Amino acid sequence: MPILGQNQYGKAENRVVKITRDGATHHIKDLNVSVSLSGDMDEVHYSGSNANVLPTDTTKNTVYAFAKEHGIESAEQFGIHLARHFVTSQEPIRTARIRIEEYAWERIETPESKHSFVRQGQETRLTQITFDGSSWEVVSGLKDLVVMNSTDSEFWGYVKDKYTTLPEAYDRILATQVSARWRFNWSDDEQRMPDWEESYEQTRKHMLQAFAETYSLSLQQTLYQMGSRIIDHRGEIDEVRFSLPNKHHFLVDLEPFGLKNATADGAVYFAADRPYGLIEATVLRDGVEARIPVDLTNL
């Protein structure tokens, strides 16, 4: 007889927008929340008995109720409230995994209005909270953060064979669309919980500063500097995983038109969307074991 393996269920992509009013000044939290639950669920698969099944519609309602009851201080804190509730309130549920995307809004500052916003398009903030009743794992991050250095980047000295046509570059554009996840070392309710909002802002700041300040001889080198700066400056983080597509910019050949296209004069480039180099790596605190999945599409 076939044996049931790992299984889970829940309600995916619950869109919840919470408005907090501070007098005439309003604040927005805009989240996309996915709940996944696992535990004593064998019988529902074998016989169809729903005796241990909390309906996914109930998990959806819980997301909205908790947004009102607890507010949304941060994506991480909201996910922690939800995970703790599902594991402690339902005996068959042993583990809860909460995945959240957060969409940022920027206030439109006018003398008359403190409740108007424009959607920021820089990146999507992410977090995943997993709770098994005793220990926590919090992995946060971002995706779709596009960055560029218009100089201070080279690429040369690489392996060449009969198929190599790429010319060496001593002054090139370096651009990428950052997808990053970082794992916190907070895992126990007895530990002091990080300030999730400050942690995100500071981690993002160090990541961008490292990108801007690194004279790059390869995107791999830049990736390591970005991760190292986070590990060095944020004691609450033990592991960072990056997936960095190299958004290639190639010099356009303008010689047929009698024009030189030198980088020193301000060059013209062709921005190629595909194919692209894909650089991925994990940076760890010394002595720490990697836990973030290699494939970030599954996180």
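This is a predicted model: local features need pLDDT of at least 70, side-chain atom pairs count only at pLDDT 80 or more; totals for chains, interfaces and linings use all residues.
Figure 1. Setting aside residues up to four places away in sequence, Asn 246 touches Arg 172, Leu 174, Ala 175, Leu 219, Tyr 276 and Gly 277. Asn 246 itself belongs to strand S9, which covers residues 237-246. Because its relative accessibility is 9%, and buried means under 20%, Asn 246 counts as buried.

Figure 2. With a relative accessibility of 15%, Glu 123 counts as buried. When neighbours within four places in sequence are left aside, the residues in contact with Glu 123 are Leu 142, Lys 143, Asp 144, Leu 145, Tyr 200 and Arg 204.

**Figure 3. Polar contacts made by the side chain of Glu 123.** Another, of 2.8 Å, joins the side chain of Glu 123 to that of Arg 204.

**Figure 4. The whole protein, shown as the setting for the close-up views.** The protein contains five helices and twelve strands, and its C-alpha atoms fill a box of roughly 75 × 65 × 35 Å, taken along the principal axes. Of the 299 residues in the protein, 41% are buried. Among contacts in the protein with a separation of 6 or more, 66% are between residues 24 or more positions apart. The protein exposes about 16,700 Å², of which carbon and sulfur atoms supply 49%.

Note on methods:
Residues are numbered from 1 along each chain as its sequence is written. Side-chain values use heavy atoms; hydrogens and water are left out. Helices (H or I, at least four residues) and strands (E, at least two) are DSSP runs, numbered from the N terminus. Buried means under 20% relative accessible area, exposed over 50%, partly exposed in between (1.4 Å probe, protein chains only). Contact means heavy atoms within 4.5 Å. A polar contact is a pair of N or O atoms within 3.5 Å; within protein, one must be able to donate a hydrogen and the other to accept it, and residues adjacent in sequence count only if both atoms are side-chain atoms. Accessible areas come from the Shrake-Rupley method with a 1.4 Å probe; for residues, only the protein chains shown count as cover.
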